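Below, some labels given to residues are set against the cut-offs behind them.

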Amino acid sequence: MDLIKALDQKNVKAEQPVIEVGSTVRVHIKVTEGAKERIQIFEGTVIAKKHGGVNETFTVRRISYGVGVEKVFPVNSPNVVKVETVRRGKVRRAKLYYLRDRAGKAAKVKEKL
């Protein structure tokens, strides 16, 4: 068990980003296209956090050209460069899957003051 914990600690990022469900975040992702690398930004609402430790992931949802797009990001991935919190949301659930069925203003999350 100690060997597994040691491997986990080695792969965990030193500075964990603060990610809360309901918040609107801007995720900076490193994208490799051939020999070139660039940073792509994906902004949306965090609808879920799963697992813990090395395997921790969070799901971000946004509406792009009228279509809902969800991406799952590993917290400890080297391709996730930075996670910025744009605004904090006030929610009473751990998973916001009900937002998938809503459109327009009904899909908004209130801001935490």
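Q: Why is Val-81 called partly exposed?
A: Val-81 has 46% relative accessibility. Buried means under 20% relative accessible area, exposed over 50%, and partly exposed in between (1.4 Å probe, protein chains only). The value of 46% therefore makes Val-81 partly exposed. Val-81 is located in strand β5.

Q: What is the basis of these values?
A: This is a predicted model, in which local features need pLDDT of at least 70 and side-chain atom pairs count only at pLDDT 80 or more, while totals for chains, interfaces and linings use all residues. Residues are numbered from 1 along each chain as its sequence is written, and side-chain values use heavy atoms, with hydrogens and water left out.

Q: Why does Arg-92 count as exposed?
A: The relative accessibility of Arg-92 is 82%, so Arg-92 counts as exposed. Arg-92 lies in the segment after β5 (80-87).

Q: Which residues gather with Arg-92 in a patch of positive charge?
A: Lys-90, Arg-93 and Lys-110 gather with Arg-92 on the surface. Lys and Arg count as positive, and the charge is placed at NZ of Lys or CZ of Arg.

Q: Is Val-12 counted as buried or partly exposed?
A: Val-12 has 24% relative accessibility and therefore counts as partly exposed. Val-12 is in the loop between α1 (2-11) and β1.

Q: What makes the set with Val-27 and Phe-58 a nonpolar core?
A: A nonpolar core is a set of buried Ala, Val, Leu, Ile, Met, Phe, Trp, Tyr and Cys residues joined through side-chain atoms within 4.5 Å. The largest such core has 18 residues, and those with the most contacts inside it include Val-27, Val-46 and Phe-58. The largest share, 4 residues, comes from β2.

Q: How many helices and strands are there?
A: There is 1 helix and there are 5 strands. Helices (H or I, at least four residues) and strands (E, at least two) are DSSP runs, numbered from the N terminus.

Definitions and conventions:
Patches are made of residues with over 30% relative accessible area and no salt bridge: like charges are joined within 9 Å, nonpolar side chains (Val, Leu, Ile, Met, Phe, Trp, Tyr) within 5 Å. Accessible areas come from the Shrake-Rupley method with a 1.4 Å probe; for residues, only the protein chains shown count as cover. A salt bridge is a side-chain nitrogen of Lys or Arg within 4 Å of a carboxyl oxygen of Asp or Glu.
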